[in-house]
Amino acid sequence: MFDSHAHYDDARFDGDRDALLAALFADGGVSHIVNAATDLPSARACEALSAEYPGMYHAVGVHPQEADKAQGDYLDALRLLAENVKAVAVGEIGLDYHYDTVPRDVQRRVFAEQLELACALGLPAVIHDREAHKDCIDEVLARPALQCVFHSFSGSEESARILARRGVYMAFNGIVTFKNAEKTRRAAKTVPDELLLVETDCPYLAPHPHRGERNDSALMRLTIAALAEQRGQTAEYIERITTENALRLFSKIKR
């Protein structure tokens, strides 16, 4: 399994991080993990984790809820961090209109700057889109050369179709197992095979029946099983194509 979006630098893993990751890679059925940074310190922590495990990679970027802290030469710092051989994307970046803790104009500026950086570096972008579907989609459509994934996809079927026509990847996690997530399940059935990814967003969004617990990459099996049932495919097929898709998107990873 390829976990395309995780946060193993999170403090909730401090007590058993090394033992957990060793087990996941050894016999937990996990081949690759991409940790997504949320700010510059997080990017450095993710870089350190990538150095410890052959199957661990990371993205570097500033989350929309941290966008007001992206000042001065932050783009230069991200550019240097992106030179690391295991930095495979710019992310997680985007827009979050749910909490509105950061002014929207600041979020939009920092998002656009980081999308331009991704284009300049030839790296894909990992996009956080929460209740900002139109603005996120517009920014992506304005950059035809950009490769990207909408992580924890929460848009509609129509949004999924628009992004699919543009060749944008969409990643799904434990939300597809939640009883109140029919909109997300309908969207997941719409995504073409070649654009589908799976993720955990751990330690968050553990799938049913572990909802509310700490999530980790082993629980992706439940998400994969749910996607397989919803799409009329086998779990083995979902596991294979999502791994192939992730390796295609994160093309810095050597096969």
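This is a predicted model: local features need pLDDT of at least 70, side-chain atom pairs count only at pLDDT 80 or more; totals for chains, interfaces and linings use all residues.
Local features require pLDDT of at least 70 and side-chain atom pairs pLDDT 80 or more, whereas totals for chains, interfaces and linings use all residues. Residues are numbered from 1 along each chain as its sequence is written, and side-chain values use heavy atoms, with hydrogens and water left out.

The largest nonpolar core comprises 84 residues. Such a core is a set of buried Ala, Val, Leu, Ile, Met, Phe, Trp, Tyr and Cys residues joined through side-chain atoms within 4.5 Å; buried denotes under 20% relative accessible area, exposed over 50%, and partly exposed in between, for a 1.4 Å probe and protein chains only. The residues with the most contacts inside this core are Tyr8, Phe150, Met170, Phe172 and Phe250. With contact defined as heavy atoms within 4.5 Å, and residues up to four places away in sequence not counted, Phe250 touches Phe2, Ser4, Val34, Val88, Ala89, Pro124 and Val126.

Helices (H or I, at least four residues) and strands (E, at least two) are DSSP runs numbered from the N terminus. Helix H2 covers residues 40-52, and its end C-alpha atoms are 19 Å apart, in agreement with the 18 Å that its 13 residues should span at 1.5 Å a residue; the expected span is 1.5 Å times one less than the number of residues. Within H2, Leu40, Ser42, Ala43, Cys46, Leu49 and Ser50 are buried. The cover over the buried residues of H2 includes helix H1 (17-27), strand E2 (32-36), strand E3 (56-60) and helix H3 (74-81).

Four aromatic pairs are present in the structure. In the pair of Tyr8 and Phe13, the ring centres are 4.7 Å apart and the planes are at 45°, so the arrangement is tilted. Rings of Phe, Tyr and Trp (its six-membered ring) pair if their centres lie within 6.5 Å, and planes under 30 degrees apart count as stacked, over 60 as edge-to-face and the rest as tilted. Both Tyr8 and Phe13 are buried. A charge sits over a ring if NZ of Lys or CZ of Arg is within 6 Å of the ring centre and within 35 degrees of the ring normal. The charged end of Lys86 sits over the ring of Tyr57, 4.6 Å from its centre, and Arg211 lies over the face of Phe178, at 3.7 Å from the ring centre.

Asp129 belongs to strand E5 (residues 125-130) and is buried at 9% relative accessibility. Its contacts, not counting residues up to four places away in sequence, are Leu95, Cys136, Phe150 and Ser154. The side chain of Asp129 also reaches the backbone nitrogen of Ala132 at 3.2 Å. His151 is placed in the loop between strand E6 (148-150) and H6 and is likewise buried, at 5% relative accessibility. The side chains of His151 and Glu92 are joined by a polar contact of 3.0 Å, a term that denotes a pair of N or O atoms within 3.5 Å; within protein, one must be able to donate a hydrogen and the other to accept it, and residues adjacent in sequence count only if both atoms are side-chain atoms.

Ala160 lies in helix H6 (residues 157-165) and is buried, with a relative accessible area of 1%. Residues touched by Ala160, not counting those up to four places away in sequence, are Phe153, Met170, Ala187, Thr190 and Val191.
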